[in-house]
Amino acid sequence: MDMTQFNSSTSNSLIDKIKENGLCTGCGLCAAVAPVGAITIQLNASGYLRPMVHQPLSGETEQQIKAACPALVIKHAPQVSGQHPLWGPLQSVRTAYSSDAEIRRQGSSGGVISALADYLISSGKVDFVAQVATSTHDPLANELQISRSREDVIRAAGSRYAPSAPLQSLRALLDSGQRFAFVGKPCDVAALRQYARINPQVDRQVPYMLSFMCAGVPSIKGTHEVIRKLSSSPEKVVSFRYRGDGWPGMTRAVQADGQVFEMDYNSSWGTILNKHLQFRCKICPDGTGEFADVVCADAWYGKDGYPDFTERDGRSLLLARTAAGEALVREVMQREVIVASDLAVEEIAKMQPYQVDRKRMVLGRVIATRLARGVAPHYSRLGLVKASLAAKPVVWLKSAWGTWRRAKGEAQ
Ligand SMILES: Cc1cc2nc3c(=O)[nH]c(=O)nc-3n(C[C@H](O)[C@H](O)[C@H](O)COP(=O)(O)OP(=O)(O)OC[C@H]3O[C@@H](n4cnc5c(N)ncnc54)[C@H](O)[C@@H]3O)c2cc1C
């Protein structure tokens, strides 16, 4: 991004420009680096989490935001190794599932993220795991949960296809002086990794960053639409889950009167939620968690060349991206916390065809955004040129054109 456009005298205009141009991911990092109360994270009218600035920010705060905010920059460190043109830094590729049957069932796919989180706590490698769970006061909202037990981890298991801002409490987590693992979306982890470059406290206190592949964050309005499609209404729902409790598991809403409504994953994600993605997710260069130590995804089985969503026992795709991540994976395999099998890197594309397309298209999309809006995030060392060269030129141009038209129209 051209930073000169953001060299304003107050940070209000920095944050406002990010929001106006639809570049905010909603991770919450800006609230954590600003003085307490200066920025809060709130749902906007479109149903996305966005920062609200309440007082002018210092130049120092602004510099920190510019260095780490994923709306402005997504950039690997120069020393990052093992870059695969599609899948980013890789130490190993496996499929796996938790050997704890309950964790495997409650997890989104094979429950591997939860198995790792549980192991990190029970082995004392961390004091807690910072992860997103359903809010304790609103069954449709997400909030950061400090997990210190297997029960906590199981409560947070499963994907929630709605906005989350897990980094907004980062300052308090670091101020605790404790060591913790962080679980977040790829953009949350990229923000934290980039912030670690300017705040050494992060590397001292966060030995593990875990993530999952992500196709984008839907507005909370997507969840409301799912509930209405189920012939219920958001006000009546007391418990809601998007999936998990099986693989992929059903989307399930429970009302106060005990009525239960269900919809399969293909219908909820594939026909409703994925129509509500925020603009920034459509120009995301990192749907696969390249900045994490360990990443999980659905290790879908194939049918007729497409992922097959037939209910089965869960299985995660498991990528170790750093030496620390690989050491952790080997340790949990040895201790039989997970059951894992090696996988050829070429197999990932069959399980995650959408992520292949995204990586190949994103350079065109981000150029289109810059042309349409005059600003775009700065992406670097992500292998985007190489990925683009593998795309069919006509498809690449059509995708860029589609983004240009969208960028002219919607902001979010
Ligand atoms: C918005 C979104 C988009 C996704 N897109 C894809 C995709 O394109 N391809 C794919 O294979 N997988 C995708 N997933 C992830 C996938 O659904 C599984 O989470 C992944 O397979 C890991 O499964 P698991 O059983 O190992 O994880 P689990 O053991 O179930 O752990 C899931 C972890 O994710 C965390 N989490 C859940 N929701 C959120 C959230 N909104 N924000 C931050 N953290 C959260 C939980 O705290 C938990 O720690 C997406 C998930 C989300 C939330």
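Begin by selecting Phe 291, which is found in the loop between α12 and β14; helices (H or I, at least four residues) and strands (E, at least two) are DSSP runs, numbered from the N terminus. The model is a predicted one, in which local features need pLDDT of at least 70 and side-chain atom pairs count only at pLDDT 80 or more, while totals for chains, interfaces and linings use all residues. Residues are numbered from 1 along each chain as its sequence is written.

Is Phe 291 buried or exposed? Phe 291 is buried, because 29 other C-beta atoms lie within 10 Å; a residue counts as buried if 20 or more other C-beta atoms, placed from the backbone, lie within 10 Å of its own, as exposed if 12 or fewer do, and as partly exposed in between. Leaving aside neighbours within four places in sequence, Phe 291 is in contact with Val 189, Ala 190 and Arg 193, where contact requires C-beta atoms, placed from the backbone, to lie within 7 Å.

Next, colour the chain by domain. The assignment, whose bounds come from an automatic or database source, gives domain 1 (83-218 + 276-352) and domain 2 (220-275). The C-alpha centres of domain 1 and domain 2 lie 23 Å apart, and 24 residues of domain 1 are in contact with 23 residues of domain 2.

Then turn to helix α15, residues 353-373. At 1.5 Å a residue its 21 residues should span 30 Å, and the end C-alpha atoms are 29 Å apart, which agrees; the expected span is 1.5 Å times one less than the number of residues. At Met 361, α15 bends by about 45°, the bend being the angle between axes fitted to the seven residues ending there and the seven starting there. Met 361 is also one of the buried residues of α15, which include Arg 360, Val 362 and Leu 363. To see what surrounds them, select α12 (279-282), β19 (378-380), α16 (384-389) and α17 (393-409), against which the buried residues of α15 pack. Just after α15, Gly 374 takes a positive phi of about 80°.

Notes:
Contact = placed C-beta atoms within 7 Å.
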